[in-house]
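Subject: Structure handover

Hello,

Here is the structure for you to take over. Please open it beside this message. My notes follow below.

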Amino acid sequence: MTLANGEAHQVTNNGDLSKPFKIFVGYDPREDLAYEVCRHSILKRSSVPVEITPIVQSDLREKGLYWRERNKLESTEFSFSRFLTPYLANYNGWALFIDCDFLYLADIKELMELIDDKYAIMCVHHDYTPKETTKMDGAVQTLYPRKNWSSMVLYNCGHPKNKGLTPEVVNNQTGAFLHRFQWLEDDEIGSIPSIWNFLEGHNKVVENDSKTFPKAIHYTRGGPWFEAWKNCEFADLWLNEMHDYIEEKKLNAS
């Protein structure tokens with residue numbers, strides 16, 4: 001894979017040097033621009049080959065992989081389809097799932113270097129209780145244990161427990177079972193530093209402590225692409241990335 005700087009890089013994905021690292025991004029038509037900016041931020045900084053795939057509910061329904069009825073508490077179209085990640089990766093190797101409202105500020109290779117094969121999944125173990133009752137464009141803000149753990153997950157797709165995440169399970173199991181990772185034991189859930197799922201409005205940067213600065217910002221309450229959140233924390237970084245994406249898109253079209 002040739003990167004923007006003209007150099008080709010290889011990385012191991014479960015020992016295979018020829019395969020790009022798979023990244024699945026939750027997609028919602030209301031947040032198309034957020035998805036594009038998220039994708040751009042990853043590709044722009046990645047020193048390793050990656051394969052980015054949007055999880056689009058309408059496509060999954062057409063393929064007969066998703067038939068779950070949407071309830072009023074689902075704030076996005078990928079609230080449950082995210083758990084198809086191991087299936088979509090053919091239960092092979094490691095893969096990353098992220099919500100579309102992320103902005104990457106660091107090389108994805110740094111995140112991959114944290115992977116430990118002894119775990120079924122790895123994620124940030126947030127202790128998050130939002131103060132707001134609504135988010136994004138007026139969606140209901142829900143409270144539940146392990147909230148936001150599932151918004152960025154490294155899946156060991158070939159792990160025996162993850163092979164149980166079939167389309168039938170994802171379409172029929174409860175939200176509690178899925179979002180709390182109840183198909184796993186606690187010691188099968190590895191931990192990642194919070195800077196890789198830095199919750200805007202919740203996590204804080206400590207002055208003069210570079211270790212607290214986010215490597216991936218998660219605009220979980222809503223980002224600048226929503227009018228209500230155009231002045232949120234780190235809005236300037238997202239807007240700069242958006243302008244960079246638009247300029248690159250124009251350049252590629254010319």
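Helices (H or I, at least four residues) and strands (E, at least two) are DSSP runs, numbered from the N terminus. By that rule, Leu96 sits in strand β3. This is a predicted model: local features need pLDDT of at least 70, side-chain atom pairs count only at pLDDT 80 or more, and totals for chains, interfaces and linings use all residues. Residues are numbered from 1 along each chain as its sequence is written, and side-chain values use heavy atoms, with hydrogens and water left out.

Leu96 first. Buried means under 20% relative accessible area, exposed over 50%, partly exposed in between (1.4 Å probe, protein chains only). Leu96 is buried, at a relative accessible area of 0%. Contact means heavy atoms within 4.5 Å. Leaving aside residues up to four places away in sequence, Leu96 touches Phe21, Lys22, Ile23 and Phe24, among others. Its list also includes Tyr104, Ile108, Leu111 and Met152. The C-alpha atoms of Leu96 and Met122 are separated by 9.5 Å, and the two residues are 26 apart along the chain.

Now the sheet. Two strands pair if DSSP finds at least two bridges between them. Six strands form an open sheet, with mixed pairing, in the order β2-β1-β3-β8-β5-β9. β2 (50-55) and β9 (189-191) are the edge strands; each has a single partner, so one side of each lacks a neighbour in the sheet. Neighbouring strands here are turned by 25° against each other on average, direction ignored. Angles run from 0 to 180 degrees between N-to-C directions, and axes are lines fitted to C-alpha atoms, for helices over the stretch in contact.

What happens at β1? Strand β1 (residues 21-26) runs parallel to β2, joined by six bridges. Ile23 stands opposite Ile52 in β2, and Gly26 faces Ile55 there. Helix α1 (residues 32-45) packs on the sheet. It touches β1, β2 and β3 (94-98), and its direction makes about 170° with that of β2. Six of the six residues of β1 are buried. Both faces are covered: Phe21, Ile23 and Val25 lie on one side, with Lys22, Phe24 and Gly26 on the other.

Next, a helix pair. The axes of α1 and helix α7 (residues 235-253) come within 9 Å and cross at roughly 85°. That makes the two roughly perpendicular (angles under 35 degrees count as roughly parallel, over 145 as roughly antiparallel, 65 to 115 as roughly perpendicular and the rest as oblique). From α1, residues including Leu33, Val37 and His40 meet α7 residues, among them Trp238, Met242 and Tyr245. The residues of this contact divide into six nonpolar, two polar and six charged. Ala, Val, Leu, Ile, Met, Phe, Trp, Tyr, Cys and Pro count as nonpolar, Asp, Glu, Lys and Arg as charged, and the others, Gly among them, as polar.

Thr85 is worth a look. It lies in helix α3 (residues 85-88). Thr85 is buried, with a relative accessible area of 0%. Beyond residues up to four places away in sequence, Thr85 touches Phe24, Ile55, Ala95, Phe97 and Tyr155.

Last, the cysteines. Cys123 is buried at 0% relative accessible area. Cys157 is buried at 0% as well. With a disulfide taken as a pair of cysteine sulfur atoms within 2.5 Å, the count is zero.

Best wishes
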